[in-house]
Amino acid sequence: MIDGRKVLFSGMQSTGNLTLGNYLGALKNWLTLADEYECYYSVVDMHSITIRQDPAELRKRARNLLTLYIAAGLDPEKTCIYYQSHCSAHAELAWILNCFTYMGELNRMTQFKDKSAKHADNINAGLFTYPVLMAADILLYQADVVPVGADQMQHLELTRDIAERFNNLYGDVFTIPEPYVGKVGAKIMSLQDPEKKMSKSDENPNGSIYLMDDADTIIRKCKRAVTDSVGEIAYRDEQPGVKNLINIYSACTGKTPEETVEEFAGKGYGDFKAAVGESVISILRPLQEEYGRLSKDKAYIDQVIRQNAERARHTSYRTLRKVQRKVGFPDRLS
Ligand code: TRP
C-alpha cells in the first residue's frame, strides 16, 4: 500500500483484437479504478504463449494493447502499465509457487479443460500451470483487489489458496487478494448469438464490434444484430438480443436501461439499431483518434514501456526476495 491507497492488479492478453465487450466490460472500468487504487495493469504476454503464437504478430499486438490502455485514458505516470515479460520476477515467483500448488487443484480448473479441448494438439505444461503464473502476477504486487470476470474467478480463488498455504508455512508474506466487487462493467454479448459473451476469439466477425472497426462496419454489424420477432424494445431475458443492444446503448450513452427503453418506446428495431451504432461510434471514434496519435509517438510509448517496467520490477522484486529468503535460497552477497 502506497500513500494509503490499496493495490489493484489486473491483466489482459494481447491475443485477438479487443472488442467493445472488452472495453465496456473491463477497460473503461479500469479508468475509474485508477483514481481509487494504486493500479498495475499488465499486458500478460507470457500467458499468451500457452497457445501457439506468431512471434511478430504477438509483439505487435502486445504493443498495440499497451498503447490502447493509454489511449483509453489511463495515465502511465500514475498507473503502472507494463509488459509481464519485462519483469522476470513473474517467472521466478511462478516457479516457486508451482511447488506449492497441487496437481489436483490445477486439474479442477475449468478453463484448462476448455482450452485443452480446444487446442488438443498442444496441451502443454504452461497451459496447465497458467493459473500459477496468474497467482504470481497478483501476489508479487501484494494486490488487495483484482477485478476479474466470472471466467477468471476460479483462478483468483486458487491464488488465494496458494497465498494462504504459503503464509501458513512462512508467516505473513502475501496479501490475500479479494475479487473486486464494486460496480462492474456491462456484460456485452455477441451480436449474432446473444446467449454468448462477445469475444475476441469469435469465428464470426459479425458477432463482435472490434475497437478499431470503422463507422460503416459498426453500423452494419449493429443493423445485422440478431433480435427477435416480438417487435418491442423491452429489457427482459426473453429478448436477449434486444436486451444486449439496450445494454450497449446504455453503456455508451451513460443512460440506464430504463431510460433507454423509455427513449425508444414505440420505435422499431431498425431505428433502434441505427441509434445503437451511432452511440458506439461516438465512444470509439475518440478512442481510435487518440490511439492513432499515440501509435505514431514511438518515443513516448518507448519511454512509458521503459519507465513502467522499472517500476514493476522495483515493487515485485521486493516480494520476490522475501519469498526466496523464506523458502531457503541463499542470500545474494553483492
Ligand atoms: N488470465 C486472465 C485472462 O485471460 C489475464 C490475467 C493474467 C490476469 N494475469 C492476471 C487477470 C492477473 C487478473 C489478474 O483474462
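Visitor: What classes of residue make up the shell around the ligand?
Guide: The shell has seven nonpolar, five polar and one charged residues. Bear in mind that this is a predicted model.

Visitor: How many residues surround the ligand, and which are the closest?
Guide: The ligand is surrounded by 13 residues. Phe 9, Tyr 130, Met 134, Asp 137 and Gln 152 are the closest.

Visitor: Which element gives the largest share of that shell?
Guide: H7 does, with four residues. H7 and strand E1 (7-12) each supply at least two residues of the shell.

Visitor: What is the distance from a ligand nitrogen to the side chain of Asp 137?
Guide: A nitrogen atom of the ligand lies 2.7 Å from an N or O atom in the Asp 137 side chain. For the side chain of Tyr 130, the distance from a ligand nitrogen to an N or O atom is 2.7 Å.

Visitor: And Gln 152, how far is its side chain from a ligand nitrogen?
Guide: For Gln 152, an N or O atom of the side chain is 3.1 Å from a nitrogen atom of the ligand. As for cover, the ligand on its own has 370 Å² of accessible area, and the protein covers 89% of that.

Visitor: Changing topic: how many cavities of 30 Å³ or more are there?
Guide: The count is one. The largest cavity holds about 40 Å³ of space.

Visitor: Which residues line the largest cavity?
Guide: Its lining consists of Gln 111, Phe 112, Lys 115, Leu 127, Tyr 130, Pro 131 and His 155. Tyr 130 is also one of the closest residues to the ligand.

Visitor: Which helices supply at least two residues each to that lining?
Guide: Helix H6 (110-118) and helix H7 (125-140) do. By class, the lining of the largest cavity divides into four nonpolar, two polar and one charged.

Visitor: Where does the second largest pocket lie relative to domain 1 and domain 2?
Guide: It lies between them, because domain 1 (7-180 + 298-327) and domain 2 (205-293) both give residues to its lining.

Visitor: Which helix gives the largest share of that pocket's lining?
Guide: Helix H3 (residues 55-71), with six residues. The whole lining of the second largest pocket has seven nonpolar, five polar and four charged residues.

Terms used
Residues numbered from 1 in each chain as written. Predicted model: local features only at pLDDT ≥ 70, side-chain atom pairs only at ≥ 80, totals over all residues. Heavy atoms only, no water. 1 Å grid on protein atoms, 1.4 Å probe; cavity = no way out; pocket = protein on both sides within 12 Å on 5 of 7 lines; lining within 4 Å. Points joined across faces, edges and corners; volume = space filled by probe spheres on them. Nonpolar A, V, L, I, M, F, W, Y, C, P; charged D, E, K, R; others polar. Near = heavy atom within 4 Å. Polar contact = N/O pair within 3.5 Å; in protein donor to acceptor, adjacent residues only side chain to side chain. Areas by Shrake-Rupley, 256 points an atom, 1.4 Å probe, with all protein chains shown as cover. Domains from an automatic or database assignment.
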